[in-house]
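This briefing sets out selected features of the structure shown below.

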Amino acid sequence: LALSVVSSDLRAEFAMSEQDYSYVVTAFLVAYAIMYAGSGYVVDRLGTRLGFAVFIFIWSLAAMLHGLVTGKWSLAGARFLLGLGEPGNWPAAAKATGEWFPAGQRALVIGIFNAGSSLGSALAPPLVAYLTMAHGWRSAFVVLLALGLLWLVVRLILFGPPL
């Protein structure tokens, strides 16, 4: 979502055509599709706690890299990495729900984490727009990095194996 808010700034700064921008968006979607299918396998192999941490870290790193891009191809690379990191949160959250909650509560818990994701998606555009207007588009991605790393630390402190 952050990219769509700053797309006009990016396209102007990097002299990107509509076609160039479509390649950047496609890089994200291709990576997302690959990892949407593969992220459950990764979480199963690494375990819920470590798998979740890996995907949060990749997402945070990718967000930071957006702030360092120098052109359309480095932007496409950052978007591809974001697409690899973002989808892992859903299978990890579903697996954590299965480990921590009895069957009778799992639908509610999944509804809550999906609502949290939707709330984040609703709050991100105004935050990114504000940061872009106040500090430039790169600042929005630095803040996303900070929020992602903060979330990672909180997750690692609070989330251990179920008792």
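Leaving aside neighbours within four places in sequence, with which residues is Leu10 in contact? In this predicted model, Leu10 touches Leu3, Met16, Leu75 and Trp137 once those neighbours are set aside. Leu10 is also among the buried residues of helix H1, and it is one of the residues with the most contacts inside the largest nonpolar core. The points below begin with that helix and then turn to the core.

**Helix H1**

- Helix H1 covers residues 2-13, a run of 12 residues. From first C-alpha to last, H1 reaches 16 Å, close to the 16 Å expected at 1.5 Å a residue.
- The buried residues in H1 are Ala2, Leu3, Val6, Ser7 and Leu10. Viewed down the helix axis, the buried residues of H1 fall within an arc of 165°, and they therefore line one face of the helix.
- An α-helix has 3.6 residues a turn, so residues three or four places apart point the same way.
- The cover over the buried residues of H1 includes helices H2 (18-46), H4 (72-85), H6 (106-135) and H7 (137-158).
- After H1 comes Ala15, which has a positive phi, near 50°.

**Nonpolar cores**

- The largest nonpolar core contains 20 residues, and Leu10, Leu75 and Trp137 have the most contacts inside it.
- Helices H1, H2, H4, H6 and H7 are the elements that each give two or more residues to this core.

**Two individual positions**

- Thr132 is located in helix H6. Its relative accessibility is 14%, so Thr132 counts as buried, the cut-off for that class being under 20%.
- Not counting residues up to four places away in sequence, Thr132 touches Val6, Asp9, Trp137, Ser139 and Ala140. One of these, Val6, is itself a buried residue of H1.
- Leu147 is located in helix H7. With a relative accessibility of 45%, Leu147 counts as partly exposed.
- Leu147 and His66 are 81 residues apart along the chain, and their C-alpha atoms are separated by 15 Å.

**Aromatic pairs**

- The count of aromatic pairs in the model comes to four.
- The ring centres of Phe28 and Tyr32 are 5.5 Å apart; their planes stand at 45°, so this pair is tilted. Because Phe28 and Tyr32 are four residues apart in helix H2, about one helical turn separates them.
- Phe28 is buried, its relative accessible area being 12%.
- For Tyr32 and Tyr36, the ring centres are 5.6 Å apart and the planes are at 20°, so this pair is stacked. Tyr32 and Tyr36 both belong to helix H2 and are four residues apart, about one turn of the helix.
- Ring pairs also link Phe14, Trp137 and Phe141 into a cluster.

**Charges over rings**

- Arg11 lies over the face of Tyr21, at 5.9 Å from the ring centre.
- Arg79 lies over the face of Phe28, at 4.8 Å from the ring centre. The ring of Phe28 thus has Arg79 over its face and also pairs with the ring of Tyr32.

Technical notes
Residues are numbered from 1 along each chain as its sequence is written. This is a predicted model: local features need pLDDT of at least 70, side-chain atom pairs count only at pLDDT 80 or more; totals for chains, interfaces and linings use all residues. Side-chain values use heavy atoms; hydrogens and water are left out. The expected span of a helix is 1.5 Å times one less than its number of residues. Buried means under 20% relative accessible area, exposed over 50%, partly exposed in between (1.4 Å probe, protein chains only). The arc is that of the directions from the helix axis to the C-beta atoms. Contact means heavy atoms within 4.5 Å. A nonpolar core is a set of buried Ala, Val, Leu, Ile, Met, Phe, Trp, Tyr and Cys residues joined through side-chain atoms within 4.5 Å. Rings of Phe, Tyr and Trp (its six-membered ring) pair if their centres lie within 6.5 Å; planes under 30 degrees apart count as stacked, over 60 as edge-to-face and the rest as tilted. A charge sits over a ring if NZ of Lys or CZ of Arg is within 6 Å of the ring centre and within 35 degrees of the ring normal.
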